[in-house]
Amino acid sequence: MPNPPAVSAYHNYLVEGRLHMELLVGRPEQPHAFYLWLHRVRPGDPIPLLSGRFYGKEGELLLEMERNDLIQNPYGFSRIETRGGWALMDTSLQSILAVEVRAFPNGFLTVLRGELFDATGKRVLRGGDDGLRVWRNASVPFWSPPPEGR
Amino acid sequence: MTERTTPPNPEVWVFGDHRDYFKNRVTLELLAHGRSLAEALDTRCAVAVLGHRIETYIMEYIAHGAQAVYAMTAPHLAHFKVTTYARALVEMVRIYRPSVLLIGGTDFGMEFAPRVAKQLETGLSADCVELRVDPTNGALVQTAPAFGGRLLVDVITPDRRPQMATVRPGIFQERPHDPEATAPVFYVDPVPLEENDPLEVLEVEPLQEEECSLEEAQVVVSGGRGMGSDQGFSLLHRLARLLGGEVGGTRPAVIQGWIPKERMIGQTGRAVRPKVLLTFGTSGALQYTAAIRRTEFIIAVDRDPDAPIFRTADLGVVGDALDILPRLIRALEARKGTKEVSDAESARG
């Protein structure tokens, strides 16, 4: 029987009500395709660590980020610190993605809020209290690494 | 090594009792011992956890040695309700068929484990003080008290599975927290809410108990029937204050009302593992010595030179605790007084 995705003792992302220590949705290798990569966070790393290429409802490229750094940003989005995390906001302070980091005595849990679209303007992900939800109509690959068997 | 599939052999499971977590460590203790059992059985040690919004506990169990997690989460599992929880755990066991199932011997566990065992039609050994694998046949040998605690017996469950045992808090030692640990988490579909369930949890209010940290104490002063009265126990409290320790007692002392039951040391009470235990007027019944065996150094005082406690103690004093205690207290108070005067003089220069 195959093992389900691995969960970390230190930090995880809440996706569809379940814990994931690392997750990739979409196709980072294609230059004009949506992706969101929730990277594994180890003790000492910034929390959380995100990469992604995000589009608007019209399929326009909004931004691309690599390990939390904005590398393509035609609309002038900013990463604004919020209580418990940060948000990606446009010049009118509208957030497209907000991350909330819940801390407990020995670890961290990241919850993402917002809506993300692919390069055709289809909704791909929506985040809320139960974490990120993958929109089932979206034909994006969904990958999570197997456990490392410590 | 990357572990992509479940191990070929049935797993060792620990039930995740996360009530009062951070204070209640029994699941972590069982996970640590479960790891060694799993190693002997060439399998892995997993935790089965039920509840609602249990992400923290899942991560904590992984950090403390769980090599896999089986989680059932739903709002109606938010409270530890014995009927629903028994149904849920039985469902998980029937799906994944572990070889061993260990449950903490807490108040909840003592009611919960027999229900689970009955529904699974398997055996259950309560209050085990040792669990090991028989290398000849891979059976779990469950060492548990019998005949009112006068004997320790080895129990095996040759045919039925899982092999079930409960273990009191403090018997085993937890593993250190490892933030780098990872493990797969199997999410199991929740059992439905029972219709017409006669038991409904309306509210959970934590019991206000006397603050007692016997399990963590570095010095424990303990007394038994030989202390004679609650005045005798007041001497133990004075000694414990002088030594910066905690006071415990045997079952007879609890029955006499000399010490509250939260401070009972024994198989049906608390297990202690201090650096030093001073035990006065305790004969050394098995159910008591099993709960003090992880102490680094035991000093025993008893009138009976043949008392079994002297076989467990590192240092034995044959004498009346009520004669020896006042003298010991006076000596310590004198030393403390001398030290305080000396410290004050040093401070004055």
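## Two domains in chain B

Start with chain B: the centres of domain 1 and domain 2 of chain B, taken over C-alpha atoms, are 33 Å apart. Select 12–187 for domain 1 and 214–348 for domain 2. These bounds come from an automatic or database domain assignment. Now look for where the domains touch. There, 16 residues of domain 1 of chain B are in contact with 10 residues of domain 2 of chain B. Contact means heavy atoms within 4.5 Å.

Some ground rules before you go on. This is a predicted model, in which local features need pLDDT of at least 70, side-chain atom pairs count only at pLDDT 80 or more, and totals for chains, interfaces and linings use all residues. Residues are numbered from 1 along each chain as its sequence is written, chains are lettered from A and ligands numbered from 1 in the order in which they are written, and side-chain values use heavy atoms, with hydrogens and water left out.

## Loops of chain B

Select B:Lys81. This residue sits in the loop between strand E3 (68–73) and helix H3 (82–96) of chain B. Helices (H or I, at least four residues) and strands (E, at least two) are DSSP runs, numbered from the N terminus. Is B:Lys81 buried or exposed? B:Lys81 is buried, because its relative accessible area is 11%. Buried means under 20% relative accessible area, exposed over 50%, and partly exposed in between (1.4 Å probe, protein chains only). Leave out residues up to four places away in sequence, and B:Lys81 touches B:Phe108, B:Glu194, B:Asp197, B:Leu199, B:Glu200 and B:Val201.

Not counting residues up to four places away in sequence, its contacts are B:Pro10, B:Glu11, B:Arg161, B:Pro162 and B:Gln163.

Two of those contacts, B:Arg161 and B:Pro162, deserve a click. A cis peptide bond joins B:Arg161 and B:Pro162, with omega about 0 degrees. B:Pro162 lies in the loop between strand E8 (151–155) and strand E9 (163–167) of chain B.

Now select B:Asp20. Find this residue in the loop between strand E1 (12–15) and helix H1 (26–40) of chain B. What is phi of B:Asp20 near? Phi is near 55 degrees, a positive value in a residue other than glycine. Most residues other than glycine have a negative phi, and most peptide bonds are trans. B:Asp20 counts as exposed, because its relative accessibility is 51%.

Move to B:Pro308, in the loop between strand E14 (297–302) and helix H8 (309–312) of chain B. B:Pro308 is partly exposed, at 30% relative accessibility. Setting aside neighbours within four places in sequence, B:Pro308 is in contact with B:Ser283 and B:Gly284. Draw a distance from B:Pro308 to B:Leu286: these residues are 22 apart along the chain, and their C-alpha atoms are separated by 8.7 Å.

## A cavity to find

Select B:Gly170, B:Ile171, B:Ala271, B:Val272, B:Ala290, B:Ala291, B:Arg293 and B:Arg294. They line the second largest cavity. This lining divides into five nonpolar, one polar and two charged residues.

## Over to chain A

How many helices and strands does chain A have? The secondary structure comes to zero helices and 15 strands. Of the 150 residues in chain A, 49% are buried.

Select A:Ala33, in the loop between strand E4 (23–26) and strand E5 (35–38) of chain A. A:Ala33 is buried, with a relative accessible area of 13%. Apart from neighbours within four places in sequence, A:Ala33 is in contact with A:Arg27, A:Arg53 and A:Tyr55. A:Ala33 and A:Tyr55 are 22 residues apart in sequence and 8.9 Å apart in space, C-alpha to C-alpha.

Go on to A:Pro48, in the loop between E5 and strand E6 (50–55) of chain A. The peptide bond from A:Ile47 to A:Pro48 is cis, with omega near -10 degrees.

Last stop: A:Glu16, in the loop between strand E2 (11–15) and strand E3 (18–20) of chain A. Phi of A:Glu16 is near 50 degrees, a positive value in a residue other than glycine. A:Glu16 is partly exposed, with a relative accessible area of 22%.

Note on methods
1 Å grid on protein atoms, 1.4 Å probe; cavity = no way out; pocket = protein on both sides within 12 Å on 5 of 7 lines; lining within 4 Å. Nonpolar A, V, L, I, M, F, W, Y, C, P; charged D, E, K, R; others polar.
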